[in-house]
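Let's take a friendly look at a loop and at some sulfur links. Have the structure open as you read.

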Amino acid sequence: MEGSFFCVFKRALLFLSLQVLMICSMHQGYSYGVEGKITSHTVSVSSLLPSPSCSPSTTKASNRKSTLEVIHKHGPCSQLVQDQNPLNHTKILLQDESRVKWIQSKSFNSSDSLKSLAVASLPAKSGITIGTGNYLVNVGLGTPKKNLTLIFDTGSPLTWTQCQPCVGSCYNQSDPIFNPSQSSSYSNVSCASTACSQLSSGHGGSRCNGTCQYSIRYGDNSSSTGFFATEKLTISPTEVIDNFKFGCGENNQGLFGTAAGLIGLSDSNISIVEQTAATYGKYFSYCLPSSTSFTGHLTFGKDSTAPSSVSFTPLSTVPQSSQFYGISIVGIRVEGKPLSIPSTVFSNGSAIIDSGTVITRLPPTAYSALRTTVRKAMANYTTAPAVSLFDTCYDFSKESTVVIPSITFSFAEGVNIDLDPSGIFYVEDASHVCLAFAANGADSDLVIYGNTQQRTFEVVYDVAGRKLGFSPNGCS
């Protein structure tokens, strides 16, 4: 009898504790289920919309000596005036589609229609930028140092910038074009060097005419050609990389926005990750901000201020696409409940994480289950017409707050990531708020975990340890 009393008493305490937790969490914008899983987010509609003013973030990473500030090239924090607001969402999504097709056409597991897609058939001179990414960092190059704004991209191996003289052509950029003749630390790479031989066809082809020359072509026929060289790269006043190998582009064609070039973070022997292995241990992380109005960071190496609460999942190699970072997605939950997706949908295909792809591409079977469940959870809200690649959109213009169902991605080795609300919907304006996912053409096509879903997380690449980590609230 006494044991039964204590059992009932303990159950009552547990129930009361859960109720208190749920009430507190609701005030913080979250709702939890009985198992402690987040089931929904209560957010103000205004918080989903970007602000016209820049609000730089201050994080622990800001104090790390090897940290660069990350800004969105279309936001108010960007110095690339021509790329600022208003955003052309149609153009951004077309650019994203071009990048996805380019990546998937290189994948072993892609459907026949994508395998047969020649690079030259992707839109060239269509007014669409190459889709190398929307996030920028500022670095110093040369002696004396010249500041350059570069797109950072985990799917690209080669770091390059436009260089004087533009013997072929150079596009308009916001920064002055780098002039190697004015730098005392610049040197061309010789044809006989190992570095020149590393420029394989998959990482930027090479040819020789006295000195090593590179040529790299992107998915929409945009390209950069020039000298493969070494130079002093400055990340911060105390972090300087001597003899950094990069492309000095004297013939650059296509629409690259107004950034000066690109910094390549892929898993490649010529990327900055490999070149700085002795200093940073092939370890880097970044946090992409919740909107274009805030800033994030890109950090090389690990130190005492690195986040401790990181959940790691293994990195894998993608067949025929080894420059990309492969991951294993095992399932998706909505409102804390697993979607009914056959396990073979994810296990039979490959997946990558990519900083340059905006919208996550899912197998059609998985996307259909996700869309159906989200639509059911959002049934009380006014729908809006489909936009571009989005088929599940809502009109929140008459709402002050909305309740958004939680979405959780499950990765290999028990890693579960609850997406930030900013990673669930793509917002054009208050009257067009769309589920920020799209379906691939076939379940066998390469799955791409895009940058929208990565927002606010510290995403940690331990390349040497072959693992990828996620830590929440990485930008704040």
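Helices (H or I, at least four residues) and strands (E, at least two) are DSSP runs, numbered from the N terminus. This is a predicted model, where local features need pLDDT of at least 70, side-chain atom pairs count only at pLDDT 80 or more, and totals for chains, interfaces and linings use all residues. Residues are numbered from 1 along each chain as its sequence is written, and side-chain values use heavy atoms, with hydrogens and water left out.

**Asn 440**
- Find Asn 440 in the loop between β28 (437-439) and β29 (447-449).
- Asn 440 has a relative accessible area of 7%, so Asn 440 is buried (buried means under 20% relative accessible area, exposed over 50%, partly exposed in between, with a 1.4 Å probe and protein chains only).
- Leaving out residues up to four places away in sequence, Asn 440 touches several residues, including Gln 104, Arg 361 and Leu 446 (contact means heavy atoms within 4.5 Å).

**Disulfides**
- A disulfide is a pair of cysteine sulfur atoms within 2.5 Å, and this rule gives seven disulfides.
- Cys 166 and Cys 170 are joined with an S to S distance of 2.1 Å; the torsion about their S-S bond is about -95°, so this disulfide is left-handed.
- Cys 196 and Cys 212 are also joined, at 2.2 Å from S to S.
- This pair links distant parts of the chain, 16 residues apart: Cys 196 is in helix α5, and Cys 212 is in strand β9 (residues 212-217).
- Cys 196 is buried because its relative accessibility is 4%, and Cys 212 is buried at 0%.
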